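Let's walk through this one together, starting with the overall fold and ending at the place where two chains meet.

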Amino acid sequence: MEHIVIIGNGIAGVTAARHIRKNSDKRITIISGESDYFFARTALMYVYMGHMKFEHTQPYENWFWKKNRIELKTAWVEKISGADKTVSFTSGESMSFDKLILATGSLPNDFGWPGQHLDGVQGLYHKQDLEKLEQNAPDHKVCKRAVIVGGGLIGIEMAEMLHSRQIPVTFLVREDSFWNGVLPAGESALVNEEIMANGIDLRLNTNLEEIIEDGNGRCKAIKIKETGELIACDVVGLTAGVSPNVSFLKESGIELGRGVKVNRLLETSVKDIYAIGDCAEQREAIGRRRPIESVWYTGRMMGEALAQTICKKPTPYNPGHWFNSAKFMDIEYQTYGWVSGKDKPDFEEQFHWRHAKEMICVTIAYHKDTDEFLGINTFGIRMRHEIFDRWLTEGRKVDEVMTYLKDANFDPEFYKPYEKAIVKHYNQQRGKQIQPVKKSWKRIFA
Amino acid sequence: MKAIQHIGIAIFLVGFGIFISLPFLGNFKLDQKSFDELMVYQGINSEIFINDLQAAIVDKDFSGIMPLSSIVATVTEKANAIHTENREWNKKVYASDDGLATSIRKESGYGFIPENKVLMWFLTFGLGILGSLMFIIPQVVTLGRKGIKNNGIYHQSSTNKGWIAWLVFIFLVSFYLVLYFQSEYAVNWTYLVDPISKSLSGNLASHWFVYGFMYCTVMSVMAVRMYVKYRNNKYQVLRTTSVLFFQIVFAFLIPEVMVRLQLSYSKGYDFKNAFPLDYDFFFSWNLTELIDSGGLGLFILIWGILLTVVIVPVMVYFFGKRWYCSWVCGCGGLAETLGDPYRQHSSTSLFSWKVERWLVHGVLVFAVVMTGFTLYGFFTEANVVLGIEVQSIMNTYSFFIGAIFAGVIGTGFYPIFGNRVWCRFGCPLAAYLGFVQRFKSRFRITTNGAQCISCGNCTTYCEMGIDVRAYAQKGENIVRSSCVGCGICSAVCPRGVLKLENGPEDGRINPTEILLGNDVDLIELLNKRR
């Protein structure tokens, strides 16, 4: 029986395993050193915040793996050999495979800051990071202030987490507005406001110079590069992005870039070895997507596609229209298609509407010349994925999107609708006379 | 704000402390006149019983905790033995020990509590309400900005099965045990609400009135908590208002007012309570009473049948069973208000789901079979059907399902097993509605394409123990018979993945092999859609 070995029990590896099992009878082993069972990394924050217990982050009950004949191996991989088809563990053991799937995910970026290895300095990525944070910052008496370095999604999550335990937080962001490489200016400004409204000390245009030791190997303060200001703190969160976790592959003979180089079939340069999820790097970017995508659903999709390939149905990884979502403190964010941040391409024009009082806004991107709808970002309004996926495929014009905007709303029942205000603003801005049409089930399920 | 909340807790605890100490306090002494009247009122013909009981209790002081029902039981046993031997069947005593003991206490209480009913109401209910509100209302400020307010739920003793939760559990279970089986100890509580009962029905309060009043009070106070916690979620605000309205008006006020208008039956009639949750609707005594009483009785009979056979399933077709379970039902109402802090304890394991399906459908079968027996017995005027005494089936159901399951376990176990224990494992109406919802309804929870990140908030906070995430992460809509449509999964989802909606039946159930947006084979996929 063919033995499929998967390194990494995150969403990519586990999805591949599940789908290989659905489509075949192969022997499957998943290796992880981080945790015995698959858990949702995205939910670690909710454990710290007391919304859940760790067991709730596990999407499958513990009996699931045995029942589906997916073997689990708790170990750290030291190196792999494509020639011998073996995986060696740090424990000295080894395991042979017929096909190997690398799904090792990411590691937090490390910019070589002085003091970054001190106690109390940590990222937030692994299960162990959660345990560390529980020790470093159990409450606002032990941790009188925390400093977070890096204005991305993990940074703002960590700020929210610490804030939930009334720990004062200083948030250092390199850019002049939060995440403005991704978010258009109006949205980025809205998130800045949300962060500050929660009492978080947001420092824009601010870099970390060094982390200062207390004499016992712990951090006691940080120094800001621009001003030289010292900020006393008990915890430093380093959240300046993530990179593929591939250093253990350096001598494996597998071609690496920043991640593991793969083609559209997710094959690496070595036969019978594949890579999926955060650790995979596409040789050529797909559409406007980045070659390395550290997104939950792309890990899933790669797992689904690769499982087909491994089960004798070669299936290229072919992600459709870009979409994503996140939550910034209490504001939900969704995006469908492409809406650019600071570095907007020339052809892209944007329409932006923001609610007068609430933290709600919408940005719609369209083609300057053709009026083709390119994408939408919403803050505080939920949208229907299926509808935008279809509209993008059909190449709808932005006017049509405005006309049928009500079909796309996904807010809970009885919520206040905003389409009227949005379209009114759109009409004013572009000198149009569009009337939003009533929601129709027929169109939604067309 | 914190100070106000702490004072609130202290005031609540004082009120609550006085309330739970009442069964242990008070003085009772029955005089001869009241005793004679009571014997006549209870229709007791046994001189032996009357003489013995009179000797045992009349003009004797007995304090709060001393059990009366055991005295009544001893006297009854002795009298009945003699009457059986003498074949004096008409003299046998059938009154329940506890019921008689309760009546005796109610007649004979004296001293501070029954003489200061309004003051005592304020010291118990009044302080309880005041203290709770002082704790809850400042949360408008302390909970901070708009959003989901679940911080610390698993850090707190009260909501993480800590010692506070266990104390609440012990209180709730004891309260239900007293209510159902030792109601003589609830007599002091009835004094507190006598003035309210008088003003509504014109009668003194029974322990069931205490229960009804307390139910409404607890629901109202905890509804305020719902309003504060979910103040930015209009679905939750409307739903809470709806259950509160139906509980107070339909379950509590209308039956009391009907008594005042002398339109009452042995069963206080709650127009929204549908068979088989209303399990004794088809019991022969109820049918006889309804048929014999003409106009209104017949209306109630027809309404009751229509409700179960037509109105409830048709509404479930259009809106899902949520219209009943989390917008109208009294049991649901308590679960959604008092029980909300405990919703995360509903087990989501596959094992629980298996137990659930056997139990809840078992109870439905039990209820239907029992009703079959009672109806057959009613029409044929037989007491024994297929060799089984009809009354014994009814008693078994009333005891195990009506009292133990729905009351003691259903509510008592909130802090440990979650707030929908009864609705999920026991309610026969929920099982019936579940069939309609699963097989013929427009209701579903739509999963928003591939946006799910498997975080598990939905599953954790599902009070029915549905593993919502298992569906959402596959891009599948959630169509489950047990879903009561509380809407919390949608509220707590950080990525806007879930939406409760009523739409066309076509495509309601959508098993998906491949996530939306994973265009692994675009042509094939498009062809499949057409």
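Among contacts in chain A between residues at least 6 apart in sequence, what percentage join residues at least 24 apart? It's 61%, with a contact meaning C-beta atoms, placed from the backbone, within 7 Å.

Some housekeeping: this is a predicted model, where local features need pLDDT of at least 70 and side-chain atom pairs count only at pLDDT 80 or more, while totals for chains, interfaces and linings use all residues. Residues are numbered from 1 along each chain as its sequence is written, and chains are lettered from A and ligands numbered from 1 in the order in which they are written.

Chain A has 12 helices and 25 strands (DSSP runs numbered from the N terminus: H or I of at least four residues, E of at least two). Its C-alpha atoms fill a box of roughly 70 × 60 × 40 Å along the principal axes.

Now zoom in on an open, parallel sheet of five strands in chain A, ordered 9-16-10-11-12 (strands pair if DSSP finds at least two bridges between them). Strands 9 (121–122) and 12 (201–203) of chain A sit at the edges with a single partner each, so one side of each has no neighbour in the sheet. Strands 10 (146–149) and 16 (235–238) of chain A pair over four bridges, and Ala146(A) is bridged to Val235(A).

Finally, the contact between the chains takes 47 residues from chain A and 48 residues from chain B. Helix 7 of chain A gives the most to chain A's side, with seven residues.

Definitions and conventions: Two residues are in contact if their C-beta atoms, placed from the backbone, lie within 7 Å.
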